[in-house]
Amino acid sequence: MPHDVAARIEYSEKYFDDKHEYRHVILPKELSKTVPKDRLLQEHEWRHLGVQQSRGWAHYAIHRPEPHILLFRRPLGTDPTTGKIDPILEKQAKEKYARDFQAE
């Protein structure tokens, strides 16, 4: 992976619902031509493209109109160093979501 192409990969801020955190990654157009259009990528595949993010993220959907945008999610409470759900982090994340986003 040429460094200049990997350096042009763009990462969104994270966004949430009550079960997952999400982010999208925008690949440079020339890199997106190497991405399979008919299936989701495994972690080793998106890392090989130059996508860099902490552990636990999964490519979960293909946005057909814009295949250069990869959609990722991971369960709330995922430990970013191990990729595993930590029950304490999960509880804290769900409580924070409830406080910040759910109407009382």
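How many helices and strands does the protein have? The protein has four helices and five strands; both are DSSP runs numbered from the N terminus, with helices of type H or I and at least four residues, and strands of type E and at least two. This is a predicted model, in which local features need pLDDT of at least 70, side-chain atom pairs count only at pLDDT 80 or more, and totals for chains, interfaces and linings use all residues. Residues are numbered from 1 along each chain as its sequence is written, and side-chain values use heavy atoms, with hydrogens and water left out.

**Overall layout**

- The order of elements along the sequence is α-β-β-β-α-α-β-β-α.
- The C-alpha trace spans about 45 × 30 × 25 Å along its principal axes.
- The protein has 104 residues, and 32% of them count as buried. Buried means under 20% relative accessible area, exposed means over 50%, and partly exposed lies in between (1.4 Å probe, protein chains only).
- Among contacts with a separation of 6 or more, 46% link residues 24 or more positions apart. A contact means heavy atoms within 4.5 Å.

**Strand pairing**

- Two strands pair if DSSP finds at least two bridges between them.
- β3 and β5 are antiparallel and share seven bridges. His-20 stands opposite Pro-75 in β5.
- β1 and β3 also run antiparallel, joined by two bridges. Here Glu-10 faces Ile-26 in β3.
- β2 and β3 pair in the antiparallel sense over two bridges. Tyr-15 stands opposite Tyr-22 in β3. Three residues separate the two strands in a hairpin.
- β4 and β5 are antiparallel over four bridges. Ala-61 has Leu-71 in β5 as its bridge partner. A hairpin of six residues joins β4 to β5.
- Strand β3 (residues 20-26) is largely enclosed by the rest of the structure, because five of its seven residues are buried.

**Largest pocket**

- The volume of the largest pocket is about 250 Å³. Its lining has 15 residues, and the closest to the pocket centre are Phe-16, Glu-21, Leu-76, Gly-77 and Ala-93.
- Pockets and cavities are found on a 1 Å grid over the protein atoms alone: a cavity is a set of points where a 1.4 Å probe fits but cannot get out, while a pocket is an open set with protein on both sides within 12 Å along at least five of seven lines. Lining residues have an atom within 4 Å of a point.
- Grid points are joined across faces, edges and corners, and a volume is the space filled by probe spheres set on the points.
- Helix α4 (residues 87-101) gives the largest share of the pocket lining, seven residues.
- By class, the pocket lining has seven nonpolar, three polar and five charged residues. Nonpolar covers Ala, Val, Leu, Ile, Met, Phe, Trp, Tyr, Cys and Pro; charged covers Asp, Glu, Lys and Arg; the others, Gly among them, are polar.

**Largest cavity**

- The structure holds one cavity of 30 Å³ or more. The largest cavity has a volume of about 50 Å³.
- Two elements, β4 (58-62) and β5 (69-75), each give two or more residues to the cavity lining. β4 gives the most, with three residues.
- Residues that line the cavity include Val-35, Arg-39, His-59, Ile-62 and Leu-70.
- The cavity lining divides into seven nonpolar, two polar and two charged residues.

**Residues in detail**

- Arg-74 is found in strand β5. Arg-74 counts as buried because its relative accessibility is 2%.
- The Arg-74 side chain makes a polar contact with the side chain of Glu-21 at 2.6 Å. A polar contact is a pair of N or O atoms within 3.5 Å; within protein, one must be able to donate a hydrogen and the other to accept it, and residues adjacent in sequence count only if both atoms are side-chain atoms.
- A polar atom of the Arg-74 side chain also lies 2.7 Å from the backbone oxygen of Arg-55.
- Ser-12 sits in the loop between β1 (10-11) and β2 (15-16). Ser-12 is buried, with a relative accessible area of 12%. The Ser-12 side chain reaches the backbone nitrogen of His-24 at 2.8 Å.
- Lys-94 lies in helix α4. Lys-94 is partly exposed, at 37% relative accessibility.
- Leaving out residues up to four places away in sequence, Lys-94 touches Asp-18 and Leu-76. Lys-94 and Phe-16 are 78 residues apart in sequence and 10.0 Å apart in space, C-alpha to C-alpha.
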